[in-house]
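These are my notebook entries on one structure. I recorded what I looked up, entry by entry.

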Amino acid sequence: MTERELFDSYNKDVYRTCYYMLRNAQDAEDLCHDVFVTVFRQNWRSVEHIRAWIMRITMNHCLNLLKKNQTKREKQNQVQWLHEQTTALVKSVDTIVLEKEVAAEWEKLLNQLPDKLMAVITLRYVGELSMAEVAETLEIPVGTVKSRLHKALKIMRKKLKQNQSFWLKGEKQFGTY
C-alpha cells in the first residue's frame, strides 16, 4: 500500500472523527493533515491494526487540541452548510426544520458531556468503531469504554427526558396536549 492509498482509505474517517470531536471544520482539516504527517513519519507499514492505530493518533491529536482550547465550539462549518443546501432541494421545509431542531438538540446534549465521554460516544457512534477498537484507540480497557458509554448515554437520556417533560408541561398548561 502506498502513502496515497493509505491517505485515500482513511482520510474521511480521520476528518469525520476530528470534526465531531472539535466541532470546527478548519481545526478538523488542520488536525487531519497533522495526523497523516505523524503517520507518514512513523513506520506505518509494520503496524498490524492500521485503522485502530490511525484512529488512536487521531484521538490523541484531538484530545491534545481540546486541552489547549477549553472553549466550546458551536460554529456551523462550511461543509455542513453545503450539505444542507443540497438536501434542501430534495426535502420538504417541515422535514428540514424538524431535522435541524433534532440535530441542534443532539449537538447541545453532546457538547454538555465531558471530553472523555464525548470521545467514546464520537468514536462508537460517529466513527462506527467497535468497543475493542474504541478501547485500543483511546488506550483504555474495554470495560472502561463500556462504562463511559453507559454513563454518557445515561446523562444524555436524563437531559432528553428533562427537555421532553418541560415541553409536555407547557403543552398541558396551554391546553394543546
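**Entry 1: a surface patch**

I looked up Val-102 and found this residue partly exposed, with a relative accessible area of 39%. The model I consulted is a predicted one. I located Val-102 in helix 5, which spans residues 93–111. I then asked which residues form a nonpolar patch on the surface. Leu-98, Val-102 and Trp-106 do, and together they have about 300 Å² of accessible area. Membership requires over 30% relative accessible area, and Val-102, at 39%, is therefore above that cut-off.

**Entry 2: aromatic pairs**

I next turned to the aromatic rings. Such a pair is described by the distance of the centres and the angle of the planes. I noted a count of five aromatic pairs.

One of them joins Tyr-15 and Tyr-19, with 6.4 Å centre to centre and 15 degrees between the planes. I recorded this pair as stacked because planes under 30 degrees apart count as such. Both tyrosines belong to helix 1 (residues 3–22), where they are four residues apart, about one turn of the helix. In an α-helix there are 3.6 residues a turn, so residues three or four places apart point the same way.

I then examined Phe-36 and Phe-40, a tilted pair with 5.9 Å centre to centre and 40 degrees between the planes. These two residues lie in helix 2 (residues 25–41), again four residues apart, about one turn of the helix. I compared their accessibility: Phe-36 is buried at 3% relative accessibility, whereas Phe-40 is partly exposed at 26%. I also recorded that Phe-36 and Phe-40 belong to one aromatic cluster with Phe-7 and Trp-44.

**Entry 3: a charge over a ring**

I asked which ring the charged end of Arg-124 sits over. The ring is that of Tyr-125, and the charged end is 5.9 Å from its centre.

**Entry 4: helix 7**

Finally, I inspected helix 7, residues 131–138, for buried positions. I listed Val-134, Ala-135, Thr-137 and Leu-138 as buried. They cover an arc of only 165 degrees around the axis, and therefore lie on the same side of helix 7. After helix 7 comes Glu-139, for which I noted a positive phi, near 55 degrees.

Key:
Residues numbered from 1 in each chain as written. Predicted model: local features only at pLDDT ≥ 70, side-chain atom pairs only at ≥ 80, totals over all residues. Heavy atoms only, no water. Buried < 20%, exposed > 50% of the residue type's maximum accessible area, 1.4 Å probe, protein only. Arc of directions from axis to C-beta. Phe/Tyr/Trp six-rings, centres within 6.5 Å; stacked < 30°, edge-to-face > 60°. Lys NZ or Arg CZ within 6 Å of the ring centre and 35° of its normal. Patch = residues over 30% accessible without salt bridge, like charges linked within 9 Å, V, L, I, M, F, W, Y side chains within 5 Å. Areas by Shrake-Rupley, 256 points an atom, 1.4 Å probe, with all protein chains shown as cover. Salt bridge = Lys/Arg side-chain N within 4 Å of Asp/Glu carboxyl O.
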